[in-house]
Amino acid sequence: MEENTITWLTHTVTYVTLFYISFVIAKLFFKLKNRKINIENELTIKDNVAFAVTATGYFIGTTIIFLGVLHGESHGLLTDVILILFYSVFGNFLLILSSIINEKIVFGKKFKFYREVIRDENVGTGFIEAANFIGSGLIIFGAISGRNINLFPEHGELGHYASDFLSLLFFWALGQIIIFIFLKVYKKVVSYDFIKEIQKDNNAIGIVYASILISVAFLYSFASKGDIDSWETALEDIAYHLGLAIILLPLSRLFVEKVILPKSNLTDEIVNQEIPNKGAALIEAFAYIGSAIIISFCM
């Protein structure tokens, strides 16, 4: 067997093994966050779909973080192993912190995720919590998928790693602020109280809200990923992406409504029916997520 093949096989087996290790780490963090919940009972005895959606979103978020470490240039197998293990731990910590921020600050004291997901088995809330984990994973992906400007050149490569870590903290915090602003604006512009709709087990609203969160996080992640040669340029890219999002996401939703459902009103289908139309919600979700992808690849 050629040396290149052996090296490739060694790296592949190592990275796959690290993924399973990162998954175990993610499970430990997820159990810590839900220490008051019997996870296996919720998933297998109660068949709690809302909690299953939440758990799936969490593990998707951790997978995205894992891919973020692999996305950039390799620093050598041993260094890659250390970075993957470090970000597997710290990335999970940020996912949980994002969830707390989402519940305590964005939704407020009257809305309790535990009550909605565990007691009421509210699938719409499960979608929102899953989207928060996926969105935070995307934000972290963008922050760790490249190299930052070395803020501590006197410390050489160690200074570079420290700079990358500080960059992660900055972009993660900025991402939380941006999502908070977008969703606050969303609550102001819609003609219904979406929190009350979610509490009424309106799963369609949960799907729509989740898609907006993921769309904004995807745009932000795409704008911030890769190497940073200039902070000014990086922030300008983020501003351009999000500026287009403010304009084009609502227009895309209107376009999809007129083309796919020309004789109906999406808001009426999702809110003003006795049984909210989850199919129509998926169409609206496609409008947001599809537009975010198109905007990112056209920039």
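**View 1. Six salt bridges in a predicted model.** This structure holds 6 salt bridges. The model is a predicted one, so keep that in mind as you go through these views. One of the bridges joins the side chains of Glu129 and Lys33, with 3.6 Å from N to O. Find Glu129 in helix α6, residues 123–144, and Lys33 in helix α1, residues 3–33. The two are 96 residues apart, and the pair ties together distant parts of the chain. Buried or exposed: which is Glu129? Its relative accessibility is 3%, so Glu129 counts as buried.

**View 2. A bridge between Asp120 and Arg119.** Here Asp120 forms a salt bridge with Arg119. The closest N and O atoms of this pair are 3.2 Å apart. Asp120 counts as partly exposed because its relative accessibility is 31%. Arg119 has a relative accessible area of 59%, so this residue is exposed.

View 3. The side chains of Lys200 and Glu197 come together in a salt bridge, 3.4 Å from N to O. What about their surroundings? Lys200 is exposed, at a relative accessible area of 59%, whereas Glu197 counts as buried at 10% relative accessibility. For Glu197, the cut-off that matters is under 20% for buried. There is also a network to look for: Glu42, Lys46 and Glu121 are joined into one by salt bridges that share partners.

**View 4. Helix α3 alongside helix α6.** Now for how helices pack. Helix α3 covers residues 49–71, and its axis lies 8 Å from that of α6. At what angle do α3 and α6 pack? The angle is about 5 degrees, which means α3 is roughly parallel to α6. Look at who takes part in this contact and you get 18 nonpolar, 7 polar and 1 charged residues.

**View 5. Helix α6 alongside helix α9.** Helix α6 also has α9, residues 203–224, as a packing partner. The axes of α6 and α9 come within 8 Å and cross at roughly 0 degrees. How many charged residues sit in the contact of α6 with α9? There are no charged residues in it, but 17 nonpolar and 8 polar ones.

**View 6. Two aspartates with positive phi.** Zoom in on the backbone at Asp47, where phi is positive, about 50 degrees, although Asp47 is not a glycine. Asp47 lies in the loop between α2 (39–45) and α3. Then move to Asp201, another non-glycine residue with a positive phi, this one about 65 degrees. Where is Asp201? Look in the loop between α8 (194–199) and α9. Asp201 counts as partly exposed, with 40% relative accessibility.

View 7. Which residues make the nonpolar surface patch? They are Leu244, Ile246, Ile247, Leu248, Leu251 and Leu254, and the patch comes to about 510 Å². To get your bearings, pick out Leu254 in helix α10, which spans residues 231–260. Leu254 has 40% relative accessibility, so this leucine counts as partly exposed.

Key
Residues are numbered from 1 along each chain as its sequence is written. This is a predicted model: local features need pLDDT of at least 70, side-chain atom pairs count only at pLDDT 80 or more; totals for chains, interfaces and linings use all residues. Side-chain values use heavy atoms; hydrogens and water are left out. Patches are made of residues with over 30% relative accessible area and no salt bridge: like charges are joined within 9 Å, nonpolar side chains (Val, Leu, Ile, Met, Phe, Trp, Tyr) within 5 Å. Accessible areas come from the Shrake-Rupley method with a 1.4 Å probe; for residues, only the protein chains shown count as cover. A salt bridge is a side-chain nitrogen of Lys or Arg within 4 Å of a carboxyl oxygen of Asp or Glu. Helices (H or I, at least four residues) and strands (E, at least two) are DSSP runs, numbered from the N terminus. Buried means under 20% relative accessible area, exposed over 50%, partly exposed in between (1.4 Å probe, protein chains only). Axes are lines fitted to C-alpha atoms, for helices over the stretch in contact, and angles run from 0 to 180 degrees between N-to-C directions. Angles under 35 degrees count as roughly parallel, over 145 as roughly antiparallel, 65 to 115 as roughly perpendicular and the rest as oblique. Ala, Val, Leu, Ile, Met, Phe, Trp, Tyr, Cys and Pro count as nonpolar, Asp, Glu, Lys and Arg as charged, and the others, Gly among them, as polar.
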